[in-house]
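Hi,

Here is the structure I promised to pass on. Have a look at it first, and then read my notes below.

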Amino acid sequence: MALQREMSENYYTPADPVVVIEGANITEPLARDEPLPVRLAGDLLHSLKIGSSFEEVPANPPAPRLDGFPPPVTSLLSEFALLDKAAWTPAAAPGPTALHNAIAHPDLNITGSLAQYTAFWKQPWLPMYLQWDVRYVPTPFRTEGTEHWEFDGNAYTWKGTGSTARDASSSLRRIFRGRSFLAPTVRYAVERQLDRYLQTYPDAEAMGVRQLREDASDLDMLSQTLDGFHDWLLTRSGAARPLRSRIPVPSALEPLLGDAASWPAPSGHSGIGPADDTFQPVRAGQFFFYDLRIIDRFGRVVDLTNGAQNNYERFSPIRALSVLPDARKPLYPDPIGAQRFIQLPPRLLQPARVRLAAAPALDGTASASASPAAPTARDAGTPATPVAGWLLANRLDETLMVYAPDGSPLGEMRGLNTTREIAWNPLPHSPFPDPASPGFTAAYPRLAGFIAGLRGQTSPHLAFAALLETIDGALDGIVDPSAQDDAVPSRLIGSPVALVAADLAIDLQGLPLTDPGWSTAPIPPSDGVVTGTASVDTASGQDYPGRDGYRWPVRLGSAERLTDGLIGYFASVSGPDGAVSYTTLFTEQPTDAHSYLQPVGTGSGLALPGTLPGEAAVTHHLTVLMDPHAAVHATTDILPVARLALDADFVHASLARIRASFRLHPLLAVARPPASEDEAAFARGPGPGSGLEEDSIVMPHPAAWHGDWTWAEPRDRGGDVPEWLEFPIAMADTYAYPGEPVAEARAGYLQLKPRD
């Protein structure tokens with residue numbers, strides 16, 4: 001046994017809002033596609049044509065003191081002096097100066113070489129800073145038990161209630177000012193992503209991408225975040241500062257100082273500066289630019305909107321759909337210039353994550369602090385596997401075949417319209433006569449619960465038919481990313497689906513965020529001991545995070561995402577930490593055929609609070625029915641989408657053990673004895689025919705397809721389960737065989753065994 005380090009899932013915090021500026025006339029790329037040429041000392045400029053003759057670089061150019069500089073600096077100053085003289089010396093066409101002619105035709109006008117980017121200087125437009133004055137209006141997630149935002153399963157929408165602005169003047173109270181460097185990062189990121197795509201995929205799959213890559217070089221965009229916006233909402237500052245104070249600190253306080261990424265910046269105590277109710281650990285609100293300008297490297301300014309000129313109400317930024325507010329729900333009555341408002345939907349500002357983790361199928365529990373490692377091929381059929389079993393819908397017989405996690409056969413379910421029940425037939429070599437038997441329940445508890453829940457429905461035959469229809473419809477809408485590599489025999493019947501154990505939780509990193517404002521600062525008692533912390537969202541007055549406060553809906557699956565593998569899931573009827581109930585399957589493909597199937601909805605049934613470190617995780621225990629080749633996604637809109645996926649090698653190792661079984665009865669066939677000792681030895685094994693009967697069943701031979709065909713039929717020996725005899729198949733022909741036994745009517749399964 002060896003310990004293996006596994007990476008846990010990351011925690012996330014939202015990025016500050018990003019401003020993109022188009023049409024700034026920036027043509028220089030952020031980085032060169034080729035290396036920058038380097039000139040040696042002997043390759044510098046030697047002479048340049050001024051007038052009708054060449055002039056050499058001056059031997060002693062005007063220069064400052066160069067003590068400590070390397071000798072090539074003198075040569076560079078000589079080169080610069082000659083270029084400077086050429087720049088102010090008039091010249092004939094094409095002119096107008098000697099420098100223009102030298103740059104236009106260096107082969108005729110210079111000896112040596114010019115540095116890259118040498119050009120006749122004129123004051124360029126080089127945007128450097130974005131400076132802003134933002135006015136923010138909180139629209140809290142909830143106040144006094146009333147929620148003002150609604151989750152539709154994909155995103156949050158504001159209901160139009162709870163705004164902290166009553167009129168135009170109150171919308172100006174909360175002020176966030178700052179500036180940051182501008183850079184052509186949009187073009188750079190797009191170019192690098194396209195380069196990576198072209199390096200990864202062959203030309204046949206990159207048609208049009210090369211042209212797109214060329215077009216990307218013409219993107220005239222600058223971008224930058226509103227640096228520090230979320231720190232401002234938390235009344236903290238991320239500005240540079242010394243990590244340790246030079247002032248001696250008592251040793252008892254040193255552990256409290258730390259090296260945090262931000263430090264408290266309380267406000268409101270002096271009567272000037274930002275409002276004291278800015279603290280908002282669950283960001284939700286709208287803002288607009290009161291003042292916005294671009295400043296270039298030479299100090300020139302372009303005002304996009306100017307608060308001094310009172311034109312901010314006419315500013316019309318192009319807003320992404322994700323930050324576009326509903327014009328029918330204004331912040332306050334009759335606002336002027338509704339086009340200026342930018343909406344920020346709810347986001348957790350504390351580092352957090354959605355944890356959708358595979359859990360061991362036998363006990364259904366996962367680590368409370370980190371996700372367990374994804375199962376690998378060696379885990380197939382072991383207690384560590386999250387797969388509770390495999391289901392294979394047989395479209396020909398309208399049955400559902402059930403297999404163990406390692407692919408061994410268990411049984412076949414069939415809906416009976418005569419008795420309105422679901423019949424169970426053990427598959428060849430299954431050790432269990434019925435899924436309700438104690439042995440089956442102990443070995444496969446989740447699989448037994450699934451079958452019992454289905455058989456216990458009102459009109460179970462209709463529930464069974466609805467389940468088959470749901471599996472069929474869901475698989476039709478899922479794109480298999482590696483269908484060409486999946487050549488397991490079970491594909492002859494249908495697409496196997498997995499019943500997977502999973503845990504769902506929301507984890508918070510670190511202690512609860514607290515408001516460092518003076519109005520919420522605790523007052524030390526006389527003994528100097530401070531108890532409690534201030535963790536109130538002062539924008540709404542709500543405690544944060546609060547086990548009984550914020551609860552976030554989590555929606556599993558996405559019908560619009562073709563790579564989402566969810567078919568359905570079972571959850572607890574009692575909420576988090578309860579046992580999984582198999583009476584209702586929540587699915588993306590609901591049907592009115594039976595109440596057994598219910599829509600996934602908006603995820604309110606899987607709502608969760610955030611769990612702090614050291615606390616017992618509040619977890620939904622789930623059993624997920626999924627396509628094993630695609631991931632299941634969990635959407636909250638407050639955090640990045642989480643995904644649950646099975647390891648490809650693990651899936652292939654399990655599915656490769658599943659035999660394709662076709663129920664046939666009656667089959668009128670002869671059991672022909674072996675024609676030679678070699679055939680008998682082949683059936684006895686070892687080898688592909690190992691464990692088979694010596695006789696062969698004579699029947700038309702199916703085409704071989706990555707395996708070997710056999711015939712399995714039961715024999716009643718008086719036990720709980722029948723004994724299964726498995727025969728090789730002999731090809732039927734037109735020859736006569738005197739003395740051959742009489743054909744018998746047989747019932748059993750035609751099986752395709754995977755070939756190793």
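A quick definition to start: a residue is buried under 20% relative accessible area, exposed over 50%, and partly exposed in between (1.4 Å probe, protein chains only). Keep in mind that this is a predicted model, where local features need pLDDT of at least 70, side-chain atom pairs count only at pLDDT 80 or more, and totals for chains, interfaces and linings use all residues. Residues are numbered from 1 along each chain as its sequence is written, and side-chain values use heavy atoms, with hydrogens and water left out.

Salt bridges next. One is counted when a side-chain nitrogen of Lys or Arg is within 4 Å of a carboxyl oxygen of Asp or Glu, and that rule gives 24 of them. Lys85 and Glu55 form one of these, at 2.7 Å from N to O. Lys85 sits in helix 1 (residues 72-87) and Glu55 in strand 3 (residues 53-56), so this pair ties together parts 30 residues apart in sequence. (Helices, H or I with at least four residues, and strands, E with at least two, are DSSP runs numbered from the N terminus.) Lys85 is partly exposed at 29% relative accessibility, and Glu55 is partly exposed too, at 25%.

Arg65 and Asp67 make another salt bridge, at 2.5 Å from N to O. Here Arg65 is exposed at 70%, and Asp67 is exposed at 56%.

Now for some buried spots. Leu410, in strand 20 (residues 409-416), is buried with a relative accessible area of 1%. What does Leu410 touch, if you skip residues up to four places away in sequence? Its contacts (heavy atoms within 4.5 Å) include Trp424, Phe432, Phe440, Tyr444 and Leu447. Leu447 is also one of the buried residues of helix 9. That helix (residues 445-455) has 8 of its 11 residues buried, so it is largely enclosed by the rest of the structure.

Asp291 is in strand 14, and it is buried as well, at 12%. Its side chain joins that of Arg293 in a polar contact of 2.6 Å, and reaches the backbone nitrogen of Gly307 at 3.1 Å. A polar contact is a pair of N or O atoms within 3.5 Å; within protein, one must be able to donate a hydrogen and the other to accept it, and residues adjacent in sequence count only if both atoms are side-chain atoms.

Happy browsing!
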